[in-house]
Amino acid sequence: MTGKPLVAILSGAGVSTDSGIPDYRGPNGLWRRDPEAEKLVTYEYYMGDPEIRRRSWRMRRDTAALHAEPNAAHRAVAELERRGVPVRVITQNVDGLHQRAGISARKVLELHGSARAHVCTGCGARGPMEDALARIDAGEDDPPCLECGGILKPATVMFGEHLDPVVLGEAVAVSKACQVFVAVGTSLQVEPAAGLAGVAVDHGARLVVVNAEPTPYDDLAAEVVREPIGTALPELLRGLG
Ligand SMILES: [Zn+2]
């Protein structure tokens with residue numbers, strides 16, 4: 001391997017809390033604590049019940065995630081690319097804030113998809129979330145696909161859906177290839193994302209954990225940082241590359 005070492009960043013919900021986005025889908029996230037809310041993002045219920053879909057679209061329209069702004073942690077990660085440091089981001093977040101902070105979209109692997117797009121469950125047609133929400137605002141409460149009439153859903157991986165095998169395969173490849181693996185804002189309790197930290201260590205990477213709470217991988221880490229992400233991550237990343 002030649003050139004600068006590859007830095008992999010695994011980012012979880014904690015990276016976006018400073019942007020006002022709560023932890024929805026983590027083990028202790030909002031959805032897991034509210035069975036009725038969890039149904040809105042569970043594939044079986046969503047596909048089987050038009051009323052669940054209507055509530056799900058209203059929930060999308062009324063949450064602030066689409067209007068959230070990147071914070072210091074997102075900007076620090078994007079800054080790595082600007083400095084010429086080889087970097088790939090593997091994120092459990094669906095908010096698109098890494099890309100909005102300026103990092104190239106091709107550098108970001110979204111394990112759980114994107115809340116900024118919608119997708120047809122019939123034909124796979126995709127479009128911006130704004131287009132679907134504009135139809136909600138215009139009075140369609142469960143808008144069908146304009147191509148095939150199929151059921152539309154957010155382009156996020158719902159509970160009960162598989163992760164995109166291509167995205168996951170790339171994430172594993174990055175974890176094997178990187179020299180530094182920074183797990184930030186993630187409890188490292190949800191597979192397969194958590195296991196990527198182990199893959200990285202097994203292949204010789206230096207693991208750094210930045211998280212307020214202990215994680216199952218802290219003992220494998222070369223460095224564990226408990227300070228707030230918004231200040232700790234920029235400082236940590238300035239020292240890389
Ligand atoms: Zn379709």
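The model is predicted, so local features need pLDDT of at least 70 and side-chain atom pairs pLDDT 80 or more, while totals for chains, interfaces and linings use all residues. Residues are numbered from 1 along each chain as its sequence is written, and side-chain values use heavy atoms, without hydrogens and water.

**Exercise 1.** Determine the strand order of the open sheet of three strands.

Step 1. Strands are DSSP runs of E, at least two residues, and helices are runs of H or I, at least four, numbered from the N terminus. Two strands pair if DSSP finds at least two bridges between them.

Step 2. Strand 4 (residues 113-120) forms three bridges with strand 5 in the antiparallel sense. Here Val119 stands opposite Arg126.

Step 3. The order is 5-4-6, with antiparallel pairing. Strand 5 (126-128) and strand 6 (152-156) are the edge strands, each pairing on one side only.

**Exercise 2.** Identify the buried residues of helix 9 (residues 193-202) and what covers them.

Step 1. Buried means under 20% relative accessible area, exposed over 50%, and partly exposed in between (1.4 Å probe, protein chains only). Ala193, Ala194, Leu196, Ala197, Gly198 and Ala200 are buried.

Step 2. Contact means heavy atoms within 4.5 Å. The cover includes strand 1 (7-11), helix 8 (165-177) and strand 8.

**Exercise 3.** Locate Asn211 and state whether Asn211 is buried or exposed.

Step 1. Asn211 lies in the loop between strand 8 (206-210) and strand 9 (223-225).

Step 2. Its relative accessible area is 9%, so Asn211 is buried.
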